[in-house]
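Work through the exercises below with the sequence and the model open. Each task is followed by a solution in steps.

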Amino acid sequence: MSNTPTLQKTIMTDSTRLKPLTTNAGTASEPSETAIAANHINIFYGAFKAIADVSMAVEARKITAIIGPSGCGKSTMLRAFNRMNDFVPTARVEGEILLHGQNLYAPGVDPVEVRRRVGMVFQKPNPFPKSIYDNIAWAARLNGYRGDMDKLVEESLRAAALWDEVKDKLKQSGLSLSGGQQQRLCIARTIAIRPEIILMDEPCSALDPIATIKIEELMQELKQRYTIIIVTHNMQQAARVSDRTAMMMLTEDGKRSGTLIEFDDTNVIFTRPKDKRTEDYVSGRFG
Amino acid sequence: MTQALSSLPVTDPQDRHVDWAARLRRKPRPVETVVQGLLFLCGAISILTTLGILLVLGNESLAFFTDPEVNVFEFFTGTHWQPQTGDFGVWPLVNATLMTSAIAMVVAMPLGIFAAIYLSEYAAPRAKAILKPTLEILAGIPTVVFGFFALTFITPLLRSIFGEDTVQIYNNASAGLVMGLMIVPLIASMSEDALSAVPRTLREGAYGLGATKLETTVQVVLPAALSGLVAAFIIGVSRAVGETMIVAIAAGATSQLTFNPFEAAETITGHIARISGGDLSYGSLDYTSLFALALTLFVITLGLNLVSRWLVNRFREQYD
Ligand SMILES: Nc1ncnc2c1ncn2[C@@H]1O[C@H](COP(=O)(O)OP(=O)(O)O)[C@@H](O)[C@H]1O
Ligand SMILES: [Mg+2]
C-alpha cells in the first residue's frame, strides 16, 4: 500500500506544474474556463422569493467564495448547484444551472447523477456512523467504484490531509474523530466520488481556528484539481482562500429576496469594490 | 428615565433598621413541600407495585417449589404440564409462548419497519395524515376482538389454504399471526421515532455524495437508527410473550410440546387465564403453580429488557 502513487503526490506534481498559473489567479489576461454557471436563477420557498435573478459563471479550478449577510440566500444559492433544494418540498427553482452546457434543471436530468459530479460538504461535519474506512468506501462504491478500495481510501484521506492522523484507526467510527477531523473526513469522502465541483457551506463555522486553517490549506491543494464554491460568513476567510468572490445581499424592493450585487476577483472585491454596499460590508460597516 | 427609576422601591443599603439575617433566612414554603411530596408518592407507587407483585409472586412460587409433590428440576426440564396427574414440566407452555411470539414477530417486524420507513422517509404529508391515525386505531382495538378475529377469520383461512386435516381449529399459527398484526402499530411507531431521530444532516450527507433515496434509507438511516429498532423489537417481543387474550381464545387449551404451529398448544398466559378463570382453591397446587408460571413469564420479560438495554447501549450512535 505504501509504495503506490498517491493522490497527494499527484497533486504535488500538479501543483508545481500549475504554479505560475495559480499565483496571480484571476487576472483579466488569463483565459478562464467556466466549470458551472448559473443563468437567471430565481428560487422560491412557496410564495417567498429567496433568490432573485442570479447569474454567475464559476471558473474551473478556482475557489469562489459566496459572502453576504445572514439570510441573504447564500446556502439556497449554493444548494441550487447540485439540486439539494429538491429535498425542500416547497422549494422551486427557475432559470438554468449549466454544467458542460447541460441545464441541470432540464426535464430528464437525474439529480442523483448531478450530485455525483457536484459534491457537497456541509456546515456541520456529518460523517456516517460507520468506520472511517467505510465512510469513504461507501461513497466510492455508491458511485460504482470497483477498483482497489484500500488504495482509494488511502488516497482520499491523504488528499484530505487526514491520513497520518487516522491511518492506524481506520476501523474506528468516524464519529470518534474531532470536529476538524470529521470535516476533513467528509471532504475525503467527497473526493472519493471524484466530483468536478465541490460545494462547501460554511465548512469551518463549527471548527476551532487551528482546524479552520487546516481546511483552508487543504482547499488550496484541492483547487489544483477541483472547482470549489464556498459559502462563508467570515470575511477574512473569503479574503484568504478565494480567487473570486460573489457578494450577495437582500434586494431593497421590500421583497427581501437575495441577489448577487457584485462578482469579481477577490482582491477587487476587498480593495476596490464597485458597489458601495460591498464596500460597507467587507469593511465591516454594514448594518 | 432617571425619574422613572428613582420612583422604584429599593432597599436603602444604608438603612440600619433592616434585619438582614431575618430577611435572608429560609422561609417555610408549604405548597412546594406538599407538591414535591405528592410527586414523589406517584413515582414511588410504581416501584411499590412492582415490589408488591414480586413479593407475592416469589412467596407463592416458593410455596409451590417447596411442595413435596413438586420437583424443581422437573419444573425446568419436564416436557409435560398436567397438574391433574402431578406433571409440572414448564416446557410445553414455554414452547408455545415462544412459538406464538416468534410467529408474531416474523409478521410484526417487517410490516412495522416497512410502515415506519414509508411514514418517515417516503409518505407525502397527506398519506401520513391518513396512515398514522389508522395505525393508532389498530393499536386501540381490544385484544379480545383480535382473538375472535383469529378464531373466526384467520383460522378458517389457514384451514382452507392448508387443509382441515393439517390445521387444527385451535392453533398457534393463527394466534401468532394475529398477535403480529396487533403489534405492528407498536413496532411502526417506535421505529418511526427511531428513524425520525436520525439527523437530517446525515441524510443530506448521503444525498450530497450522489446516493439515491433507497441507498440513503437502507444504508445510512436504518443503521443509524439501529438501537431504536432493536428496542422496538424487544418491546414487541415482550408484548407478544405477555399477550393473553388472543392466545387464550385462538391457540388452544391443551398443553403439549409441539413444534407444529398448526396444532393447538397452550401458552403460559393462556394457561394462567384459563385456570384462574375456573374455581381454584386458595393454596392448592393448581393455585401456586400459576404463580410459578407467572414468575417464569416475569423472568423472560425481565431478561428481554436487560438484553435490550445492553444492545441499545452497545449500538448507540452518538451524533454530537
Ligand atoms: N427550507 C426553507 N423553507 C423556507 N424558507 C427557507 C428555507 N431555507 C431558507 N429559507 C429562507 O430563505 C432565505 C435565505 O436563506 P439561506 O439561503 O439559508 O440564507 P443564508 O445561507 O445566506 O444565511 C431566508 O429568508 C430563509 O429564511
Ligand atoms: Mg447558510
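The exercises cover a chain contact and a glutamine.

This is a predicted model, in which local features need pLDDT of at least 70, side-chain atom pairs count only at pLDDT 80 or more, and totals for chains, interfaces and linings use all residues. Residues are numbered from 1 along each chain as its sequence is written, chains are lettered from A and ligands numbered from 1 in the order in which they are written, and side-chain values use heavy atoms, with hydrogens and water left out.

**Exercise 1.** Describe the contact of chain A with chain B.

Step 1. Chain A gives 24 residues to the contact and chain B gives 20 residues (contact means heavy atoms within 4.5 Å).

Step 2. Between them the two chains bury about 1,800 Å², with 62% of it on carbon and sulfur atoms (buried area is the accessible area, 1.4 Å probe, that two parts lose on being put together, summed over both).

Step 3. On the chain B side, B:Glu204, B:Tyr207 and B:Leu209 lose the most area to chain A, together 32% of what that side buries.

**Exercise 2.** Is A:Gln183 buried or exposed, and what does A:Gln183 touch?

Step 1. A:Gln183 has a relative accessible area of 0%, so A:Gln183 is buried (buried means under 20% relative accessible area, exposed over 50%, partly exposed in between, with a 1.4 Å probe and protein chains only).

Step 2. Not counting residues up to four places away in sequence, A:Gln183 touches residues including A:Phe122, A:Pro203 and A:Ile215.

Step 3. A polar atom of the A:Gln183 side chain lies 2.8 Å from the backbone oxygen of A:Phe122.

Terms used:
A polar contact is a pair of N or O atoms within 3.5 Å; within protein, one must be able to donate a hydrogen and the other to accept it, and residues adjacent in sequence count only if both atoms are side-chain atoms.
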